[in-house]
Each structure stands twice: as C-alpha cells, then as structure tokens.
Amino acid sequence: MIKRTIFSDIQGHLDAKEITLITGPRQAGKTTILLQLKDELEKQGKKVMDLNFDIENDKRYIVSQNTLVQEIQKRLGSNGGYVFLDEIQRKANAGIFLKGLYDMRLPYKFVVTGSGSLELKENIHESLAGRKLIFELSTLTFEEFSAYRKEGRVQEPTQGELLDEYLRFGGYPRVVLEPTESGKRRIMGEIYQSYLEKDLMPLIGANKTEAFIQLTRILADQAGKLVNITELSSTLDIASATVKQYLWYLEKTFILRRATPFFRNARKEITKTPLFYFLDLGLRNYSATTFGNSLSSATGGFLFQNFVFNILRTIYADTAATIHFWRTKDKSEVDIIVNRGTDQLPIEVKYSALEIPGIPRSLQSFITKYKPPQALIVHLGKRFETTLDTTRVIFLPYDELISPNIKDLIS
C-alpha cells in the first residue's frame with residue numbers, strides 16, 4: 001500500500017458536519033483512499049455505506065435525493081453513519097444534489113469523490129458554499145513515491161535513480177506499482193484514453209478531440225515556456241477563443257497549472273503571456289510521445305523545472321503566496337518567483353550539480369531590482385551559499401525541498 005500524506009488530513013475531517021469532498025485527476029487514488037477510510041471506520045465499529053457511480057447497479061440509488069435517503073436509512077438505520085459516494089460527477093447537477101442532502105440535516109456524514117469535471121460542469125463550489133471542505137488528491141508526490149520505492153528494500157535505490165524514474169514515468173499510482181516499462185507504458189495509455197473518453201469528450205464532443213490532443217502535445221513539448229495563444233490558434237487552425245477554452249479545460253481537469261508573470265512595471269516587463277506546467281510528469285511525457293525515454297540535458301532540464309514547480313505548489317498550497325515567473329523585454333528571466341506579499345523569493349532551477357557559487361545574470365538583475373531577503377538556486381549537487389548585496393543566495397539540493405524543515409527555510 002502506498003502511503004498518502006493527505007490521508008490523515010481527510011481522516012481528521014470525518015467528524016466535521018461538512019461534506020468531505022475529495023477531488024483530483026482520474027486514477028490518482030481517490031477510490032483507494034475511500035477504501036482505506038472505510039476499513040478504518042469499520043474497525044472502530046462504525047457503520048459505512050459506499051456507492052460508486054461508475055458501477056451501473058449503484059446509479060439507481062441517485063435517481064433522486066429521496067431515493068438515496070431511503071437506501072441510506074435501509075442500510076445504516078436512523079442513528080447515523082458514514083455515506084461514501086465515489087465518482088459523484090456521474091450525477092447531473094451533482095452540486096445541487098449534494099446541497100439538498102446536506103440541507104436535510106441528516107444524521108449521516110457524507111464523504112464524496114469526483115474528478116475535475118465535477119467542478120467544471122456542476123459549479124460545485126457555488127452550490128456547496130459553506131457546506132464542504134475540499135481535499136485535492138494529486139498523483140503521487142516525489143516524497144510519497146520515494147518513500148514507497150525505499151520501503152522494505154534490501155538495497156535502496158539512490159536519490160538520483162529515484163529522480164530519474166520519477167521524471168520519466170511520473171506519479172500515477174498504477175504506473176508506479178507496475179514493475180515493467182512496457183506495462184507502465186500500457187497503463188499510462190489506458191489512463192490517457194480514460195481521461196479523453198470520460199472527462200474530455202462529454203465537454204467538447206468526440207469529433208473535436210484531435211485538436212485538443214495536438215494542443216496538449218504542443219504544450220508538453222514546450223513545458224515551462226511562454227504560451228502564445230495567437231500562435232497556437234494559427235498552428236492548430238482553431239479560433240483563439242477555442243484555444244483559451246481548451247486550456248481552461250486542461251486546468252480544471254487537473255492536467256495543467258498556469259503560471260503568470262510577476263511584474264510591477266508593465267512598461268518593462270511582459271505582463272500577460274502565461275506558461276503552463278503539467279501536474280503529472282508521466283502524463284506530460286506520454287503527451288509528448290517520450291514516455292519512459294532516457295533523459296537528455298534539454299528534456300531533463302524542462303522536466304526538472306516542472307518537478308520543482310510542483311513541489312513548491314504543494315508547499316505553498318495552504319498559504320496566500322502565489323507562484324509566478326519573471327521575464328523582461330530585455331531577455332532577463334528567472335524560472336520561478338514566489339510572491340509572499342511582503343517580499344519575493346526568486347528561484348532558479350538547474351538540472352546539473354553546481355560546484356561554484358556563480359549567480360546567473362538574470363537572477364542578479366532581479367536581486368538588484370527587488371532586493372529579496374534570499375534567493376534559491378535548486379540543483380543536483382550539494383548545499384552552499386553566498387550573498388549578493390543584502391540577499392542570501394542558497395544553492396539548494398533538490399531533495400531538501402521535500403525535507404520536513406523546508407518551510408522554515410522558505411516561509
């Protein structure tokens with residue numbers, strides 16, 4: 001069993017009256033989390049009922065709220081219990097359906113899962129305002145992946161071997177559990193096809209998926225680079241509005257995350273052109289038709305930057321900080337800027353083991369202009385540091401980003 005760090009947080013919310021809503025990409029492990037929760041509750045002697053709306057026989061119980069309540073009372077009695085509803089996005093107007101159940105003030109705790117299309121199609125945030133707490137379950141983080149791959153091994157893989165495997169194959173649990181490369185490739189293909197058929201086609205129609213697939217492939221090839229909507233529109237021969245709509249779908253179905261530029265002076269800096277990162281590197285590689293391939297310095301560099309972005313997104317998920325990049329018209333650029341409100345944390349990412357404290361010219365420019373208290377250069381080597389003016393510049397080994405003390409350093 002792969003241990004998920006979010007499990008204890010979800011478990012701790014089971015006593016709250018609000019609906020516990022677990023969202024995330026398809027096959028990230030939401031159903032497995034429900035099974036684990038059910039097992040723990042039943043060990044405590046609690047009553048649990050579970051329905052999976054991917055199962056045809058279970059769908060008959062959600063014809064109406066009354067139909068579901070009658071089935072709950074039949075199985076759990078009238079004194080309370082736990083109701084698990086898996087893949088609730090199969091229900092039309094799922095948000096309104098759940099709101100009605102919550103407002104009945106029933107003696108049952110609802111734990112619900114749904115893929116990205118739940119939020120996208122049913123406006124669940126608006127329907128369940130004040131009635132739910134959302135837990136977003138990603139594919140395996142590098143920390144979870146590393147812990148699983150090391151557990152019980154007589155000879156643990158090296159940190160470099162773990163990074164290489166994670167950059168090539170990503171963190172989908174089924175892919176990680178599969179021991180062979182051919183099996184990993186087959187499973188990743190199934191996951192991608194399932195996404196297209198179950199999340200995408202209901203939104204755009206089967207006859208429009210080719211342009212969507214091509215867009216995803218282009219974005220995979222240029223991960224971490226500026227995205228020009230007009231250029232994409234011309235390349236794909238579709239309207240700019242359609243490109244924007246497809247990008248929105250990719251974000252809402254947990255495939256991409258947008259990064260916007262950090263700026264204060266609109267005359268000097270490019271202010272509106274975003275870039276996108278993939279939430280799972282295996283899906284990125286599959287989209288780029290390079291899944292499982294050995295890494296070159298160029299492809300490894302882009303994947304490593306995406307990898308660092310994803311770790312930082314997790315670190316700052318429950319804070320007010322926002323993550324950006326920095327580009328200027330005179331070609332100065334810094335990979336990642338964490339805007340913490342009162343100050344900024346600039347971060348350069350290097351897919352190499354640095355040995356001397358050389359600060360890139362663009363990072364020097366940012367430091368000179370904004371005078372941040374510290375800056376990071378994340379790389380494959382050892383930790384050392386230097387200073388530039390009043391800024392502490394830390395050359396940080398990437399594995400320290402997942403250490404328990406990292407928040408003390410960069411909060």
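This is a predicted model: local features need pLDDT of at least 70, side-chain atom pairs count only at pLDDT 80 or more; totals for chains, interfaces and linings use all residues.
Residues are numbered from 1 along each chain as its sequence is written, and side-chain values use heavy atoms, with hydrogens and water left out.

**Exercise 1.** Describe how helix 10 and helix 11 are placed and which residues join them.

Solution. Begin with the elements: helices (H or I, at least four residues) and strands (E, at least two) are DSSP runs, numbered from the N terminus. Helix 10 covers residues 181-204 and helix 11 covers residues 209-221, and their axes come within 11 Å and cross at roughly 125°. Here axes are lines fitted to C-alpha atoms, for helices over the stretch in contact, and angles run from 0 to 180 degrees between N-to-C directions. Helix 10 and helix 11 are therefore oblique to each other, given that angles under 35 degrees count as roughly parallel, over 145 as roughly antiparallel, 65 to 115 as roughly perpendicular and the rest as oblique. Next come the residues in contact, meaning heavy atoms within 4.5 Å: helix 10 brings Y192, Y195, L196, L200, M201 and I204, and helix 11 brings T209, F212, I213 and T216. Sorted by class, this contact has eight nonpolar, two polar and no charged residues, where Ala, Val, Leu, Ile, Met, Phe, Trp, Tyr, Cys and Pro count as nonpolar, Asp, Glu, Lys and Arg as charged, and the others, Gly among them, as polar.

**Exercise 2.** Work out in the same way how helix 11 meets helix 12.

Solution. The axes of helix 11 and helix 12 (residues 229-236) come within 11 Å and cross at roughly 130°, and the two helices are therefore oblique to each other. From helix 11, the residues A211, Q214, L215 and I218 meet L232, T235 and L236 of helix 12. The contact of helix 11 with helix 12 divides into five nonpolar, two polar and no charged residues.

**Exercise 3.** Find the largest cavity and name the residues that line it.

Solution. On a 1 Å grid over the protein atoms alone, a cavity is a set of points where a 1.4 Å probe fits but cannot get out, a pocket is an open set with protein on both sides within 12 Å along at least five of seven lines, and lining residues have an atom within 4 Å of a point. Grid points are joined across faces, edges and corners, and a volume is the space filled by probe spheres set on the points. The structure holds one cavity of 30 Å³ or more, and the largest cavity contains about 40 Å³ of space. Its lining consists of P25, R26, Y172, I191, Y195, D199, T253 and I255, which divide into five nonpolar, one polar and two charged residues.
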